[in-house]
Amino acid sequence: RGRIVVWSRADSPLRFDELADIADASVERIAIANPDHAPYGFAAREALKSIGIWEDVQNRLILGENVSDTLRYGTTGNVDVAIVALSLAIQTDGDWFLIPEELHTPIDQSLAIIVGTEYEDEARVFIEFLSSEEGRAIMDRFGFVLPGDGLPATTPTA
């Protein structure tokens, strides 16, 4: 399960403590992935609607093609704030905080093995590794919640 965060550059004069803060008039440009086809953007739109600020921020939205594009808009300073995947945010020196998961549909991701693939045995080994204690620790470190686990151990920088 992926998580979304509110992300801003570490050198930004703007500070955000909760999702509603991005509706402030001082925030001119807000990046989210395109909610019409990007799961992280869909979750961002749901979260913004959940707290009642979607209409207020809609005219300030810059839509990324995907969540990586969205973070790029933020890291280059082309937007004031971005709503992106936790797994991407933790790899930057930006400031961020988790958006409460109850504000959006869970961003569940799946893993499957294509039966008959040339690498079926290797795929099974990989899945076993991801399910192991070591694999789960790696997924946790990169901000993903695996079935049966709680929140990632990752600590926000903001």
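A nonpolar core is a set of buried Ala, Val, Leu, Ile, Met, Phe, Trp, Tyr and Cys residues joined through side-chain atoms within 4.5 Å; buried means under 20% relative accessible area (1.4 Å probe, protein chains only). The views show a predicted model, in which local features need pLDDT of at least 70, side-chain atom pairs count only at pLDDT 80 or more, and totals for chains, interfaces and linings use all residues. Residues are numbered from 1 along each chain as its sequence is written, and side-chain values use heavy atoms, leaving out hydrogens and water.

**View 1. The largest nonpolar core has 37 residues.** Val6, Leu19, Ile22 and Ile83 touch the most other members. Elements giving two or more residues to this core include strand E1 (4-8), helix H1 (39-50) and strand E4 (81-85). Helices (H or I, at least four residues) and strands (E, at least two) are DSSP runs, numbered from the N terminus.

**View 2. Leu19 and its contacts.** Contact means heavy atoms within 4.5 Å. Not counting residues up to four places away in sequence, Leu19 touches Val6, Ala47, Leu48, Ile51, Ile53, Ile83, Phe97, Ile99 and Leu103.

**View 3. Glu120 in helix H5 (residues 120-131).** A polar atom of the Glu120 side chain lies 3.1 Å from the backbone nitrogen of Gly116. Glu120 also touches Ile113, Ile114 and Val115, not counting residues up to four places away in sequence.

**View 4. H5 meets helix H6 (residues 133-141).** Their axes, lines fitted to C-alpha atoms over the stretch in contact, come within 4 Å and cross at roughly 70 degrees. That makes H5 roughly perpendicular to H6 (65 to 115 degrees). Phe129, Leu130 and Ser131 in H5 meet H6 residues including Arg136, Ile138 and Met139.

Key: A polar contact is a pair of N or O atoms within 3.5 Å; within protein, one must be able to donate a hydrogen and the other to accept it, and residues adjacent in sequence count only if both atoms are side-chain atoms. Buried means under 20% relative accessible area, exposed over 50%, partly exposed in between (1.4 Å probe, protein chains only). Axes are lines fitted to C-alpha atoms, for helices over the stretch in contact, and angles run from 0 to 180 degrees between N-to-C directions. Angles under 35 degrees count as roughly parallel, over 145 as roughly antiparallel, 65 to 115 as roughly perpendicular and the rest as oblique.
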